[in-house]
Amino acid sequence: MARLLSIFAFFVFLLHHVASKSTGELAVEQKQQQLEGGEEEEFTEELLFRPLPDRKVLTHFHFQSKVPRTDSYGHHHRLFPKAVYQLVHKYRIKEMELSFTQGRWNYESWGGFDPIASSNAKPPGVELWAVFDVPEDQVDASWKNLTHTLSGLFCASINFLESSTTYSAPDWSFRSLSGNLRYGSLPREAVCTENLTPWLKLLPCRDKAGISSLMDRPSIYRGFYHSQRLRLTSGEFEPVASGHGIILDQTLTIVLQPDALETSAAFSSSRKLQPSWSMSSLFGRTVEGKCALAKSSNVYVQLEGSLVHNMKDIWNDNEGYGGEGLPYEGFGSNPNFGFSVSPDTMMKEVNSFHKEGSSILYGFSIKDYHGSKPFDLGFRWKLPVSWSCVKAPLRASRFLMGSGNEKGAIALSLQSTEWSESLLKADNNEEGCKLRVDVFQVVPWYIKVYYHTAKIFVDGISQSLVDVVEKMRVSPSEDKVSPGVMETILSLPCDMKSASLTLEFDKGFLHIDEYPPDANQGFDIPSAIISFPDFQTCLEYTHDNTSISSPMVSKMKEKRKILSYTEVLLVPLTTPDFSMPYNVITITCTVFALYFGSLLNALRRRAGEEERLLKSKDKNTNKLRLLLSKFSAKLRGKAWEPPSTVTQSSSSSSPKLISSKVIMKIVLIAAIGFGWQYYNG
């Protein structure tokens, strides 16, 4: 027995040695492939602060996770989230974007021409679009499965987008990729911490370390605007030469209001001093070092070109101001502002489209900070300053016209901004100068839009559609099957002040089961998407004439179209009186309860027991009568005689009386039931 045990132990040791050797060789081989090809997983975390003209602060978190192609790296990952990797391969996703937004981006005060406004300004609620690498007849099935998966992954009602009445297939106005693209939005979807927690679980360090530890829930959700976005690009299904693996970008954009400080009495100007802020004052937390798995962890502060230009003018006007010098080499010796931490780098924008000046980007590295030395960046204003953000070429808004619950009209208004003339590529004096505007609009099926009623007004003057509409694609809605889609390219004069597009519609009727619980609030029409194909936005920064190897700065450098989202329209529809069914059900149940209760009571009552009860009652009454008759005879002084005849007559007449009452009740109840049936029939 001992010999057998020793042989068994030897074989177990041998198998364990072979397995460990093969595993080690496999790991070494995989490491060699990564070193030879230069491909490995990467994770970076970055945070951007930008002062806004309306005394608010824009905070933009950016996390990027990269993984090489599967055929060169393998299926097992160290940093990249497994759920996203499985999502890409199961549904063969080439590109996808999902956003959860609360609030509306203020294009007038926060800008609309910079990359952050064009990429991270999203409509309220949930927006989802995806491009699939599947045959065209399988796109809808992949979309429905994707919505269900994302709904469970992010704890949201994204599965409502599976219905064909809620999503559309844009052709050319939204993205250049057509055919396998699907787009859907849920304007009324509420955004809360249940959506943010799964989003944070995709990060290697979650919210326990690094920049993500700043994400305090009350601080985030008390802001004026916040939008969490997940952008996914995959090259897994492309040829090996052009494939780049999977890149996951997670961004969180928040607009916060810092605590205002009192304006110093040393300034005679009527302008208010911008509120100073710090990371601890905005979020109530500090950064205790970088995420251990992050390749780089940086914080940036961006000053716009118009702000830099105005600060130069203020410094020139206040040369005698005895302010203390800044503790770093930066924007000259301008005492307009100061940092609590000296910046590591200062980058200036090159090839700026702004006519007044170039923006500046200050960089801070947090790799040397730890728990005993936390990183708490503070920004302090020293002089009051005012500026304005660069706006989109046109200000887009949308509203409803008409009254009543039968007909109405949708109006899209486009107004020029003060930046239109400086941003136009063509010369305004040249005849035939045109400004192209792409309009993408999805309307639910119960809003029956008549596209032949489209009217266009330029500066209040009606224009022919042939002169203004360069291209149009219309997909009319089908009841309870698909929404209405309109894609239009408008060619407007460069020197115009305003333009409007109107479409008439009729309001449909829904089945009672199709109304939401809060039907009296109204029904939402998703935001329209306005883009300007002739204009592209990008910000390129350099440091010592060398490019910056930062994923967020690289995203700013990419040229992309300017996008603007209009308001979400709230349309009141004809709704039934939902209290009437309740009242009818209540009255009907009450009548039937009385009817059947009385009928059963009359049919199941026993006559013998009633007679016995009546006789017992008669005996008690007879005794009382005897006592009263004896008492009255004594008072009158006459002989007492027992009332035998009266007792017999009363006892003999009582059963007849009771039986007649029962019969009358039955007849009355039967008459009520017959009348009710006749009335309903």
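A pocket, on a 1 Å grid over the protein atoms alone, is an open set of points where a 1.4 Å probe fits, with protein on both sides within 12 Å along at least five of seven lines, and its lining residues have an atom within 4 Å of a point. This is a predicted model, in which local features need pLDDT of at least 70 and side-chain atom pairs count only at pLDDT 80 or more, while totals for linings use all residues. Residues are numbered from 1 along each chain as its sequence is written, and side-chain values use heavy atoms.

**Exercise 1.** Describe the largest pocket by its volume and its lining.

*Solution.* The volume, taken as the space filled by probe spheres set on the grid points, is about 870 Å³. The lining consists of 29 residues, with Phe160, Thr166, Leu186, Tyr446 and Phe523 nearest the centre. Strand E6 supplies the largest share, 4 residues.

**Exercise 2.** Determine whether asparagine 120 is buried or exposed, and which side chains it joins by polar contacts.

*Solution.* Asparagine 120 lies in helix H5, residues 115-120, a helix being a DSSP run (H or I) of at least four residues. Because its relative accessibility is 6%, asparagine 120 counts as buried, the term meaning under 20% relative accessible area with a 1.4 Å probe, protein chains only. Its side chain makes polar contacts (N or O atoms within 3.5 Å, one able to donate a hydrogen and the other to accept it) with the side chains of arginine 229 at 3.2 Å and threonine 251 at 3.1 Å.

**Exercise 3.** Identify the element that gives the most to the lining of the second largest pocket.

*Solution.* That lining comprises 28 residues, and H5 gives the most, with 5 residues.

Notes
Helix = DSSP H or I, 4+ residues; strand = E, 2+ residues; numbered from the N terminus. Buried < 20%, exposed > 50% of the residue type's maximum accessible area, 1.4 Å probe, protein only.
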